[in-house]
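Reader: I've got a model open and want to talk through its aromatic pairs and one of its helices. Can you walk me through it?

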Amino acid sequence: MNIQAPVKVDKAERMRRAREEAYATPLSQFHPGAPRLFQDDTLWPWFERLRKEEPVHYCTNAPIEPYWSVVKYNDIMHVDTNHGIFSSDSTLGGISIRDVPEGYDWPSFIAMDQPKHSSQRKTVSPMFTPTHLDDLAKLIRQRSQTVLDNLPRNETFNFVERVSIELTTQMLATLFDFPWEERRKLTRWSDVSTALPKSGIVASAEERRREMDECYAYMSKLWNERVNSAPRNDLLSLMAHNDATRHMDPDNLLGNIILLIVGGNDTTRNTRTGSVLALNENPEQYDKLRANPGLIETMVPEVIRWQTPLAHMRRTALQDTEIGGKHIRKGDRVVMWYVSGNRDEEMIERPNDFIIDRARPRTHLSFGFGIHRCVGMRLAELQLKIVWEEMLKRFDRIEVVGEPKRIYSSFIKGYETLPVRIPG
């Protein structure tokens with residue numbers, strides 16, 4: 001029985017209306033960073049039109065300060081790899097389209113410029129060496145097997161909660177050597193740290209502040225334990241025993257902890273969910289994968305491109321410069337829309353199609369480029385690869401049986417729920 005048709009019909013109608021709106025709206029009124037476009041999954045025609053008509057666009061029609069949108073692959077690469085011209089520094093606004101709110105300006109190495117960025121980043125890089133990833137692979141496989149073996153058959157459940165969050169949180173607990181029974185705190189802190197006021201995740205700025213203070217208090221206790229004990233192979237211990245990070249002030253410590261929690265949570269969690277949705281929306285690709293599980297190797301980077309779990313990164317111009325013929329002034333905020341660059345028709349053949357055996361599947365921007373390229377990208381790929389190896393061994397198919405509920409954010413491109421069913 002084909003139960004996917006209603007989802008496809010709904011999506012087609014939604015996209016038709018979105019396309020009409022995007023092409024009827026004057027470019028001067030565009031606000032491509034509006035979170036509703038991402039929550040409704042109607043962003044695509046807006047970015048398509050920008051790529052065609054104004055690939056470097058200045059938005060003044062937003063409830064935030066004006067910003068430049070850079071939407072084509074090569075222009076994004078230019079911004080991402082010229083860190084001497086485009087700053088990530090949190091004191092200039094940080095890495096998100098919205099300036100860091102006052103009182104939340106916790107500096108992390110992703111929101112720093114050189115030389116401080118690299119010195120702090122290097123402290124955690126030993127966690128992601130090939131040798132350590134080989135050790136983690138055994139643990140990832142064992143945990144994936146346990147989680148998958150406990151999923152219900154012939155019963156609708158939320159894939160995000162039962163699989164994506166659970167496996168991701170288990171890995172976060174391992175990376176931090178965090179108390180196992182309290183590991184869901186890590187997921188909550190990740191969600192709260194990136195939540196927008198209208199997201200419903202927290203009721204107020206005060207509540208958000210309280211929960212971040214709880215995060216700091218809890219992690220500070222673990223930090224002090226690691227500082228005063230022999231070095232171990234976890235993220236906190238690596239930072240606690242390196243001169244570049246051992247003497248961080250409290251804000252810098254919290255900033256790096258939040259960065260590592262969010263980085264370890266959102267990329268893998270949302271791409272894992274997105275992979276199930278993508279294969280259901282493209283059943284011929286699912287059939288191809290089931291017939292040849294070896295295609296997991298190319299499917300993993302393809303789904304990372306297709307999902308683009310971090311929709312954008314922002315920089316601030318350190319000097320007057322030019323992108324795509326547009327004059328950028330010193331102090332302007334410049335938003336690199338990875339989600340658009342990953343659909344750039346000039347760089348990627350049939351970019352709107354999900355194709356698990358692409359010839360060049362790693363042609364994507366999802367991990368960034370330059371000095372800020374994602375330090376944990378190989379671990380993210382490894383987790384996706386292993387969970388799909390184990391799912392294909394167990395299940396003929398995981399069926400999406402309803403619309404996903406997406407996150408209210410134009411930064412984190414993810415899911416709250418994805419209702420699925422595994423036929424018995």
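This is a predicted model: local features need pLDDT of at least 70, side-chain atom pairs count only at pLDDT 80 or more; totals for chains, interfaces and linings use all residues.

Reader: OK, so is Trp189 buried or exposed?

Author: The limit for buried is under 20%. Trp189 has a relative accessibility of 2%, so Trp189 counts as buried.

Reader: How many aromatic pairs does a search of the whole structure find?

Author: Rings of Phe, Tyr and Trp pair if their centres lie within 6.5 Å. With the whole structure searched, the number of aromatic pairs found is 10.

Reader: How are the rings of Phe178 and Trp189 arranged?

Author: Planes over 60 degrees apart count as edge-to-face. Phe178 sits in the loop between α7 and α8, while Trp189 is in helix α8, 11 residues away. Their ring centres are 6.0 Å apart and the planes meet at 85°, so this pair is edge-to-face.

Reader: Which residue lies over the face of Trp44?

Author: For a charge to sit over a ring, CZ of Arg has to be within 6 Å of the ring centre and within 35 degrees of the ring normal. Here the distance from the ring centre is 4.0 Å, and the residue over Trp44 is Arg343.

Reader: Let's move to α7. Where does α7 bend?

Author: The helix has 18 residues and reaches 25 Å from first C-alpha to last, close to the 26 Å expected. There is still a bend of about 30° in α7, and it comes at Ile165.

Reader: Which residue caps the N-terminal end of α7?

Author: Look at the backbone nitrogen of Val160: a side-chain oxygen lies 3.0 Å from it. A polar contact needs N or O atoms within 3.5 Å. The residue that supplies the oxygen, and so the cap, is Asn158.

Reader: How many residues of α7 are buried?

Author: α7 is mostly covered. Out of its 18 residues, the buried ones number 15.

Reader: Last one: which residue with a positive phi follows α7?

Author: The phi in question is near 50°. The residue that follows α7 with that value is Asp177.

Conventions. Residues are numbered from 1 along each chain as its sequence is written. Side-chain values use heavy atoms; hydrogens and water are left out. Rings of Phe, Tyr and Trp (its six-membered ring) pair if their centres lie within 6.5 Å; planes under 30 degrees apart count as stacked, over 60 as edge-to-face and the rest as tilted. Helices (H or I, at least four residues) and strands (E, at least two) are DSSP runs, numbered from the N terminus. Buried means under 20% relative accessible area, exposed over 50%, partly exposed in between (1.4 Å probe, protein chains only). The expected span of a helix is 1.5 Å times one less than its number of residues. The bend at a residue is the angle between axes fitted to the seven residues ending there and the seven starting there. A polar contact is a pair of N or O atoms within 3.5 Å; within protein, one must be able to donate a hydrogen and the other to accept it, and residues adjacent in sequence count only if both atoms are side-chain atoms.
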